[in-house]
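Reader: Good morning. Could we go through this structure together, a few places at a time?

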Amino acid sequence: MNADSKIGNTLTCFHCGDECHDDSIKIDEKFFCCNGCKTVYEIFEQNNLCNYYNLENSPGISPNLNFGKRFDYLEDYLTIQKLLDYQDEKISNVTFNIPQMHCSSCIWLLENLYKLNKSIKNSRVDFLKKKLSIQFNHSEISLKQIVQLLASIGYEPQILLDTVDQKEEKHLNKKLFYKIGIAGFCFGNVMLLSFPEYLSIDITETYFRKLFGHLNLLLSLPVFFYSASGYFISALQGLKKKFINLDVPISLGILALFLRSAFEVLILSGPGYFDSLTGLVFFLLIGKFLQEKTYDTLSFDRNYKSYFPLAVTILIDGKEESIPVSNLKTGNRIIVRKNELIPADCVLFNGDGRIDYSFVTGESKPVGKVSGEMIYAGGRQLGGAIELEVIKEVSQSYLTQLWNHDSFSKISKSTFTNFSNAVSKYFTTAVLLIAAAAALYWFQSDSAKALNVFTAVLIVACPCALALSTPFTLGNAMRIFGKNKLYVKNSAVIEKIAKINSIVFDKTGTITQPGKSDLIYHGKILTPHQQKSIKSIVRNSTHPLSKKIFDSLEAEDFFPVTAYNEITGKGIEGVIYGNPIKIGSSEFIGLVNDHSKNNFLKTEIHISFNDEVLGNFIVSNSYREGIAETIKQIEKKYKLSLLSGDNPAEKENLQKYFTSESNLLFNQSPEDKLNYIKTLQSKNEIVMMIGDGLNDAGALNQSDIGISVTDDISNFTPASDAIADAGILNRLVDFLKYSRDSVNIIYINFGISFFYNVIGLSFAVQGLLSPLIAAVLMPLSSITVVSFATLATNFIAKRRNLAWK
Amino acid sequence: MEVIVILIFISLFIAGSFLVAFLWAVKSGQYKDTYTPSVRVLFDADDKRVDSSNKKMKK
């Protein structure tokens, strides 16, 4: 590139905003960086879609226009049926995942697709989920044509192996909304009709009293039978498994409230406790809503299927064909183009491989591969198209066979019971005993009152406050964690974090920062002349490693370099004053490469000067900021281990961070990591695993708490209990402490609700529990517990220097 | 006093219609995506006017 064109005004592409190399590609004073962008502009221009450019500046995405036969698999009938949401005689519905959408222009364009093709009836965007649903007339346009249309304007849908598996959406949340809506409506109206009772207005006309009572009964029917149904079902399910969960005492309370109130209204023309009943259910459901709230836009249960493509191009008798990845057989020849994924373990047959394994190992530096070398599944090809021969099927590959392991077939992974369920057994027994004792006492003197007292005890002891304290405390803690960029799957995770006693780290990409690394030279000491020579040669290369070497060497001026040559993925060479110099991989400078060693990840740059090997530069990973301090603090309380898939080259360096008591393990395969966690668990340790790549997936799944670390939370992360932004790892200690604080708040709240229960019970056993006392006491205890939970979690977050607002 | 009965039924009816509106809103998926509609509402529906403004920009 001519350096002069940069000076003055930089030309940016009208479509995508990238820098233009020159001003040759233009239409009416608008410049484009490539023909792809120009083509997209022309399509929009012809279809009156230029409003796209008015909404945002340069919103476009440079398209990849060479699809070839890439989308041929979308002609397969079974694949189409799996992808479609719905189909009738004329119209089909399909939903695509389009990760490229990033601004309001994207929304506008994707919702105006019908202007590009008349057969598309309607298209709707869900921006936060990056989803586009399209209704189209399938007799006029095929699914393949739609995907090609989207790809041609830069929005190629992401069709992955699991896209076809995950069709059903969760409707659970909708039901909860209905239940809350109905309970809220009934609660409000019952309160209104109970007002005369609250104000002790003497209603002389029994007609009104009866009317209000009956209306209240009517209004509480949907609450009892619909809104509260979840508690009865859960309680029964628990009892069937001979396990008393918190829903058992709640159900008892609701049942007692309803039956007693119905009895009072229908037989005694009394007021009943319907306000307490509906209010209780309403508050409980709100607590449930908080507890079930999760991060919709994040996915916590992805396996390799959410990362691997649905189809792959294979070569049969020299002809390209597109087949589903699952049909791939050993011996197939496949073509992997730029930015495509290697779906199975292969041997490179043709072309230069530059493989990015960042999602597998966390190492972001591409690995160079030449013909005959083995390439493991999961890497992304960054160079041009390569031809590969499959040596293992997808499910049997080095990485993916991990998912055949038993730990993934288990339905629930631990027998963790939260605090409130643990106490409910004792709570229920105690309440039933008190109720029975009080009833027995009254039975001797006033048999009519016995039943009255029995139900009153059940009503007042209903652990409403207890049931609210956990969701409100943990819900708020979860919100605070989210504000601080630790996204937990659900609120129960926080309670689990508080219990762990062992922490296992992954190395690459987790405690080291991908992309940032230090350079260490090993070998013969370089003379100033040699240093200057090497520096003069690497000056010619734009490769990031060359730049790194350039920066590390000292020389003021440069030698003239002749016969300079750069071979992508291998190295650079040149001649200085007749001395040939080679800098690059071991094969490149003529060293024998030991294939048996796992040199999958190691980055070594060898130097040969005048055909004599001088030594090599080793790129060592640099550690994330503050990680040393964090590790030091963690070690005081937790057992610490480190698992790395790398060779132990870094061991010396790491021992500075980890004390000798910690376990440092190297050369760990994905399965080794999983088994290590298992071993720890068999020693009764509660393990938290912190990892990032697909190679940690097994360990993350097996551990009690798996946290996946990522530099960009919209990126792919393996299945885990929490997703952490990499920048917050140095705050890990604070998060651990805060989790324990939250659990302590739940304990304190339990004390508060117990205190209210004692007051309520003292009324109940004396047979003095009037509807008014119940109506005051029950909301009061709930409000105290809820406000204490919220205020305390906020206060402690502030003290721990966590963002809370 | 009997008028209270009528008032109560009217109030129940009005509150009930709000409940129905809420249930309908949930059912039609209005709580599923709370972000995109806020952007969508700002788009001009009239494409002709948009095109003319675009042409002006070109000059």
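Reader: Is Lys485(A) buried or exposed, or in between?

Author: Lys485(A) is partly exposed, with 15 other C-beta atoms within 10 Å. A residue is buried if 20 or more other C-beta atoms lie within 10 Å of its own, exposed if 12 or fewer, and partly exposed in between, with C-beta atoms placed from the backbone.

Author: This is a predicted model, in which local features need pLDDT of at least 70 and side-chain atom pairs count only at pLDDT 80 or more, while totals for chains, interfaces and linings use all residues. Residues are numbered from 1 along each chain as its sequence is written, and chains are lettered from A and ligands numbered from 1 in the order in which they are written.

Reader: Where is Lys485(A) placed?

Author: Lys485(A) sits in the loop between α14 (464-483) and β16 (486-488) of chain A. Helices (H or I, at least four residues) and strands (E, at least two) are DSSP runs, numbered from the N terminus. Lys485(A) has a positive phi of about 70°, although it is not a glycine.

Reader: What is the phi of Asn801(A)?

Author: Asn801(A), not a glycine, has a positive phi of about 60°. Most residues other than glycine have a negative phi. Asn801(A) lies in the segment after α24 (771-799) of chain A and counts as exposed, with 10 C-beta neighbours inside 10 Å.

Reader: Changing topic, how many residues are in the largest nonpolar core?

Author: The largest nonpolar core has 194 residues, and Ile254(A), Val281(A) and Val457(A) have the most contacts inside it. α14(A) gives the most to this core, with 11 residues. Such a core is a set of buried Ala, Val, Leu, Ile, Met, Phe, Trp, Tyr and Cys residues joined through C-beta atoms within 7 Å.

Reader: And what is Val457(A) in contact with?

Author: Leaving aside neighbours within four places in sequence, Val457(A) is in contact with residues including Val431(A), Ile434(A), Leu761(A) and Val765(A). Contact means that the two C-beta atoms, placed from the backbone, lie within 7 Å.

Reader: How many residues of α10(A) are buried?

Author: In α10(A), 15 of the 19 residues are buried, so the helix is mostly covered.

Reader: Which strands pair with β9(A)?

Author: Strand β9 (residues 333-336) of chain A runs antiparallel to strand β7 (residues 311-316) of chain A, joined by 3 bridges. β9(A) also pairs in the antiparallel sense with strand β15 (residues 386-390) of chain A, over 4 bridges. Two strands pair if DSSP finds at least two bridges between them.
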